[in-house]
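This briefing is meant to be read alongside the sequence and the structure. The points are grouped by topic.

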Amino acid sequence: MAVTRLKRKDRKNKARQNNKQRIIKQLLMVPVIKNVDIEELKSRFTNAPAATTAVAAE
């Protein structure tokens with residue numbers, strides 16, 4: 001007896017598997033941000049341009 005392969009179904013199953021793996025990898029790539037002090041970040045950005053101009057003036 002000959003073996004018949006369902007090529008279209010095989011391609012569909014492989015594509016489904018690859019899509020699931022890609023989604024998992026994308027979710028793992030996104031870093032989880034916790035306990036961020038927003039006021040401290042704002043103060044860094046307001047002080048940063050002044051520091052760079054002082055270095056340029058020297």
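Arg 44 is exposed, with a relative accessible area of 54%. This residue forms a salt bridge with Glu 40, and their closest N and O atoms are 2.8 Å apart. The model is predicted; the protein has two helices and zero strands.

**Overall surface**

- The protein has 58 residues, and buried residues make up 0% of them.
- Its accessible surface comes to about 6,300 Å², and carbon and sulfur atoms account for 60% of that area.

**Salt bridges**

- The structure holds two salt bridges.
- Side chains of opposite charge can pair when their charged atoms come close.
- In helix α2, Arg 44 and Glu 40 are four residues apart, so about one helical turn separates them.
- Lys 14 forms a salt bridge with Asp 10, with 3.3 Å between the closest N and O atoms.
- Lys 14 and Asp 10 both lie in helix α1, four residues apart, or about one turn of the helix.
- Lys 14 is partly exposed, with a relative accessible area of 47%.

**Positive patch**

- A patch of positive charge on the surface gathers Arg 5, Lys 7, Arg 8, Lys 9, Arg 11, Lys 12, Arg 16 and Lys 20.
- One of these residues, Arg 11, is found in helix α1, which covers residues 7–29.
- Arg 11 counts as exposed because its relative accessibility is 58%, and exposed means over 50%.

**Nonpolar patch**

- Ile 33, Val 36, Ile 38, Leu 41 and Phe 45 form a nonpolar patch on the surface.
- Together these five side chains' residues have about 530 Å² of accessible area.
- Ile 38, a member of this patch, lies in helix α2.
- At 53% relative accessibility, Ile 38 counts as exposed.

**Loop between the helices**

- Asn 35 is placed in the loop between α1 and α2, the latter spanning 38–57.
- The phi of Asn 35 is near 55°, which is a positive value in a residue other than glycine.
- Most residues other than glycine have a negative phi.
- Asn 35 counts as exposed, with 83% relative accessibility.

Technical notes
Residues numbered from 1 in each chain as written. Predicted model: local features only at pLDDT ≥ 70, side-chain atom pairs only at ≥ 80, totals over all residues. Heavy atoms only, no water. Patch = residues over 30% accessible without salt bridge, like charges linked within 9 Å, V, L, I, M, F, W, Y side chains within 5 Å. Areas by Shrake-Rupley, 256 points an atom, 1.4 Å probe, with all protein chains shown as cover. Salt bridge = Lys/Arg side-chain N within 4 Å of Asp/Glu carboxyl O. Lys, Arg positive; Asp, Glu negative; His and termini not counted. Charge placed at Lys NZ, Arg CZ, Asp CG, Glu CD. Buried < 20%, exposed > 50% of the residue type's maximum accessible area, 1.4 Å probe, protein only.
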